[in-house]
Amino acid sequence: MARHRNVRGYNYDEDFEDDDFYGQSVEDDYCISPSTAAQFIYSRRDKPSVVEPVEEYDYEDLKESSNSILNHQLSGIDQGKSIDSQSSRSESEIVPKVAKMTVSGKKQTMGFEVPGVTAEENGHSFHTPQKGHSSEDSTVVSSDVLETVSKSALPSHTIQASEEQSSTPTPVKKSSKLRQQIDIKAELEKRQGGKQLLNLVVIGHVDAGKSTLMGHLLYLLGNVNKRTMHKYEQESKKAGKASFAYAWVLDETGQERERGVTMDVGMTKFETTTKVITLMDAPGHKDFIPNMITGAAQADVAVLVVDASRGEFEAGFETGGQTREHGLLVRSLGVTQLAVAVNKMDQVNWQQERFQEITGKLGHFLKQAGFKEGDVAFIPTSGLSGENLITRSTSSELTKWYKGLCLLEQIDSFKPPQRSIDKPFRLCVSDVFKDQGSGFCVTGKIEAGYIQTGDRLLAMPPNETCTAKGITLHDEPVDWAAAGDHVSLTLVGMDIIKINVGCIFCGPKEPIKACTRFRARILIFNIEIPITKGFPVLLHYQTVSEPAVIKRLISVLNKSTGEVTKKKPKLLTKGQNALVELQTQRPVALELYKDFKELGRFMLRYGGSTIAAGVVTEIKE
């Protein structure tokens, strides 16, 4: 083939007379689906080329010149034929059908050409963006996303020009925002086969067997295949930790496996009969409580794991143990439903007395912490042998006195909380990382509202805007996600340095407030040192941990009624309820508790222990 033949100016239609089917399939005139064409075939209609073309041929001129040549050379009959073929060709331009390749400076047809009507094919919908529409409105499917991306690569003036050129009226298509706003709830119900979403956090004292319990549960549910499990068993035996095999399902990093301690929140999902559950395995070690708070802040319900063996339960439950602190923390972070898995019951031979002793002590404490009795369930289990996890136990020692639910049934019976879909969009960033390709990814839980691909987002406190290019839910790409989902967003149009863990993404029209001073109502836990003015604390809010100072002690409040009992106290002691003003070093993005319950709660820690829980009452600019 000659490499330099004039491809652009070549009239392909002369190669194919109407009766000549060489190079075309006989059934239909087109060989690729419109969706493929839309994705990969360059269309000059949508975007004028930035590079100046060497030589522009006009289709009309070409046709005329070829006509004159034909008229000179052909006899009457042939001329009739050629006129015939031309008229059929001009008809084919009017009739909506997939166009053959036409060479023109004006316009290349792509897919179906019906003026002003959208073509639906294979569930994809293409449409020309209307004049004045922003390019986000036109992002419905992947092909359109590609268009948007390629537009964003062009300078802005060319984009405007292309918007003006493509001002074909499209009365059929309203902007996708309006269409979606109506049925987001219906879409949510349809998704996952009508199963409801539930975020579950597993908490408890270090070495209570949280990871082993949940790892075994996942294995029994078939989420971990036998081969992987066998590999874990072999590897843990080699490492001299044979009993840690199931914990390795959730503790994935080398350091966690080596030390036998969970450090970061491990996340997976599994399904029960009526729910899709996002499981967060929180660390129990005292040093990693900040990570545990991050996990608990994203949860709706919790499983508290306690160790039934003698001495172990007491160690976790007495002062300095994590069972108490974790219980208080999840309650303060808004978790109201709790399942207590009394683990390692096989070590005490499934004794009913031991179970009752534990439920008695824990039940009393949880009631004090603010859990209702009806919302707490106690379940005897064994994480290592897998008793009473996904099916009710058959061992005679347990069945003779325990007739209740197994752990999975209990998780399944939790009531999912009300999701605030109709509130403005809010997403708390729990992780930021660079992905392959353009842009970067953030992961986090959507606290309120919903998001679609192509939406503009505002990040606070940095106050930077960007565009959501892609949304991933449970490792599958989706077009939209709503409140309660743990998603990963691919963002473009922003520097990764600006974003850190704890930023909050919101809609630019309804931004979240960022401040350094705010007032809050706090409840003080068991503390040794009384809190005074100027007391330094660590503020844990959603996924943020920020150093802060208690600037003013405004008043002490009555616990039950909320009335002021003392103004301007000198100090606050344990168990008091008070109104204080806090100042942080850097700005944090907060919401008032009355507007957004999820985003109005925070914890205060000092010297490695949690000293207070609070809710935001007033934001000072």
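**Pairing, burial and a cavity in a predicted model**

In this predicted model, strand 21 (residues 544-557) and strand 22 (residues 564-567) pair in the antiparallel sense over 3 bridges.

Q: What makes strand 21 and strand 22 count as paired?
A: Pairing requires at least two bridges between two strands. Strand 21 and strand 22 share 3 bridges, in the antiparallel sense, and therefore they count as paired. Within this pairing, Leu557 has Val564 of strand 22 as its bridge partner. The hairpin of the two strands has 6 residues between the strands, and Gly562 takes a positive phi near 85 degrees there.

Q: Why is Thr490 called buried?
A: The term buried applies under 20% relative accessible area. Thr490 has 14% relative accessibility, so Thr490 counts as buried. This residue lies in strand 16 (residues 486-492).

Q: Which residues does Thr490 touch, not counting residues up to four places away in sequence?
A: Thr490 touches Ser438, Phe440, Cys441, Thr467, Ala468, Lys469 and Gly470.

Q: How many cavities of 30 Å³ or more does the count give?
A: The count comes to 1 cavity of 30 Å³ or more. About 50 Å³ of space lies in the largest cavity. Strand 6 (301-307) and helix 11 (312-317) are the elements that give two or more residues to its lining.

Q: What makes a residue part of the lining of the largest cavity, and which residues are they?
A: A lining residue has an atom within 4 Å of a point of the cavity. The lining consists of His205, Val206, Ala208, Val305, Val306, Asp307, Glu312, Phe313, Gly316 and Thr323. These divide into 5 nonpolar, 3 polar and 2 charged residues.

Terms used
Residues numbered from 1 in each chain as written. Predicted model: local features only at pLDDT ≥ 70, side-chain atom pairs only at ≥ 80, totals over all residues. Heavy atoms only, no water. 1 Å grid on protein atoms, 1.4 Å probe; cavity = no way out; pocket = protein on both sides within 12 Å on 5 of 7 lines; lining within 4 Å. Points joined across faces, edges and corners; volume = space filled by probe spheres on them. Helix = DSSP H or I, 4+ residues; strand = E, 2+ residues; numbered from the N terminus. Nonpolar A, V, L, I, M, F, W, Y, C, P; charged D, E, K, R; others polar. Buried < 20%, exposed > 50% of the residue type's maximum accessible area, 1.4 Å probe, protein only. Contact = heavy atoms within 4.5 Å.
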